[in-house]
Amino acid sequence: MSNDSLLSLLEAEAGQYVSGEEISRKLNVSRTAIWKQVRKLEANGYQIDAVPRLGYRLTGKPSRLSIQELLPKLRTKQFGRQLHVMDVVSSTQDELRKLAEQGAAEGTLVIAEQQTNGRGRMGRHWVSPAGKGVWMSLLLRPPVPLQWTPQLTLLAAVALSRAISRVVPLEIGIKWPNDLLVGGKKISGILLESAAEDERLRYVVVGLGISVNLEAGDYPAELLEKAISLKMASGETVNRSELIACILEEFERLYELYLEQGFAPIRSLWEAHSVTLHNETLLYTPQGSITGIPTGLDDSGGLKVELADGTRRTIYSAEIGDAKVGGS
C-alpha cells in the first residue's frame with residue numbers, strides 16, 4: 001500500500017471517518033499496515049484523526065510552497081529571483097553549493113519542504129519536518145576578504161530578526177552570534193558555509209532554518225525546553241510565503257547597506273537586538289570556559305567581553321551559556 005492510495009481514500013470521504021475495516025478491505029492490507037501509512041502521512045504534514053471504533057479522518061493537509069506563489073510576493077531586485085523550490089532534500093546547503101559551483105548568480109535561493117539531514121552550527125542536526133518550516137539557503141558573492149565572513153553571519157541574524165518581527169507580533173532577541181530567541185527559546189538556525197580562493201570569498205551559502213508552524217509533537221522531547229516555533233509562541237499559523245518574502249527583502253536591504261557603508265551600521269543594529277550584552281555570562285571557548293560581561297562587537301564582529309578582574313578580551317568562537325545576573 002502506498003501513501004497515495006490511503007490518502008486518496010481519505011480524501012474521497014470529504015472529512016468523514018473511514019473505519020479501519022473498510023480501509024483494510026478496499027486496499028487489501030492489514031490494520032498494522034494502515035497504521036504505518038498513517039504515521040508516514042503525518043510525518044509529511046498531513047493531519048489525521050484516529051478514533052477507536054470510528055476509524056480515520058483527514059483533517060488537514062500540509063501547505064505547499066511554490067514558485068508561482070512566491071515570485072509575486074517578492075519585493076527584491078535580486079535575492080530570490082533565481083528560485084528553486086524542492087520537495088525533499090538532504091540539505092538545502094548541499095543543493096545550493098552545487099549550483100554555486102556551476103556559476104549560479106548571487107541571490108539564488110533554494111527552498112525545500114523537508115530536509116532529511118538539515119544541520120546547524122557545529123554539525124548539530126536541525127529538525128526540519130515537511131510543510132511546517134522555512135528551510136532555505138541563499139547564495140552571496142560578496143567582494144570582501146575571507147576574514148570578514150563573521151560579519152555576514154551577524155548581518156543574517158539581524159535581517160531574520162527584523163523580518164520575523166514584521167510578520168509575527170513577537171519580541172525577537174539575538175543571542176551571540178546568530179541564535180534567534182523568543183522567551184529564551186530558539187526559533188531559528190543560521191549557518192554560513194563559504195568557499196574562498198587567495199583569501200577572497202568566492203561565495204557564501206547562507207542557510208536559514210525557521211521553525212514556523214511546528215507543533216510540540218514535532219520536536220524530540222529533549223528539545224522542548226529550549227526550542228519553540230513561531231506558531232507555538234504566537235498561537236497563530238504563519239504564512240510561510242509572506243515570511244520568506246520579508247526575509248529576502250530585509251536581507252537584501254541590509255546587504256546593500258553593508259556593501260555601501262561597511263559593518264558599522266550592521267553592528268549597531270545587531271547590538272540593539274541582542275540579548276547577550278550587558279549580562280554576566282558563561283562562555284565556552286575552544287580554550288576553556290570563562291565568565292564575563294559582553295559589552296559589544298568589535299570591528300570584525302568578535303564579541304568584546306569584560307572579565308571579573310577588569311581585563312578585556314575579544315571572543316571569536318564560543319558557545320554562550322545562560323546569563324548569570326540581570327543587567328540593563
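This is a predicted model: local features need pLDDT of at least 70, side-chain atom pairs count only at pLDDT 80 or more; totals for chains, interfaces and linings use all residues.
Trainee: How many helices and strands does the secondary structure of the protein chain contain?
Mentor: The chain has 328 residues, of which 49% are buried. Its C-alpha atoms fill a box of roughly 75 × 45 × 35 Å along the principal axes. The secondary structure comes to nine helices and 15 strands.

Trainee: Which strands stand at the edges of the open sheet of three strands, each with a single partner strand?
Mentor: The sheet is open, with antiparallel pairing and the order E6-E7-E8. E6 is joined to E7 (residues 179-182) by three bridges. One side of each edge strand is left without a neighbour in the sheet, because each has a single partner; these strands are E6 (173-175) and E8 (185-186).

Trainee: Are H8 and H9 roughly parallel or oblique to each other?
Mentor: The axes of H8 (residues 240-261) and H9 (residues 264-273) come within 8 Å and cross at roughly 135 degrees. Angles over 145 degrees would count as roughly antiparallel, and those of 65 to 115 as roughly perpendicular. The two helices are therefore oblique.

Trainee: Which residues in H9 do Leu254, Leu257, Tyr258 and Gln261 in H8 meet?
Mentor: The residues of this contact divide into six nonpolar, one polar and no charged. On the H9 side, the partners are Pro265, Ile266 and Leu269.

Terms used
Residues are numbered from 1 along each chain as its sequence is written. Side-chain values use heavy atoms; hydrogens and water are left out. Axes are lines fitted to C-alpha atoms, for helices over the stretch in contact, and angles run from 0 to 180 degrees between N-to-C directions. Helices (H or I, at least four residues) and strands (E, at least two) are DSSP runs, numbered from the N terminus. Angles under 35 degrees count as roughly parallel, over 145 as roughly antiparallel, 65 to 115 as roughly perpendicular and the rest as oblique. Contact means heavy atoms within 4.5 Å. Ala, Val, Leu, Ile, Met, Phe, Trp, Tyr, Cys and Pro count as nonpolar, Asp, Glu, Lys and Arg as charged, and the others, Gly among them, as polar. Two strands pair if DSSP finds at least two bridges between them. Buried means under 20% relative accessible area, exposed over 50%, partly exposed in between (1.4 Å probe, protein chains only).
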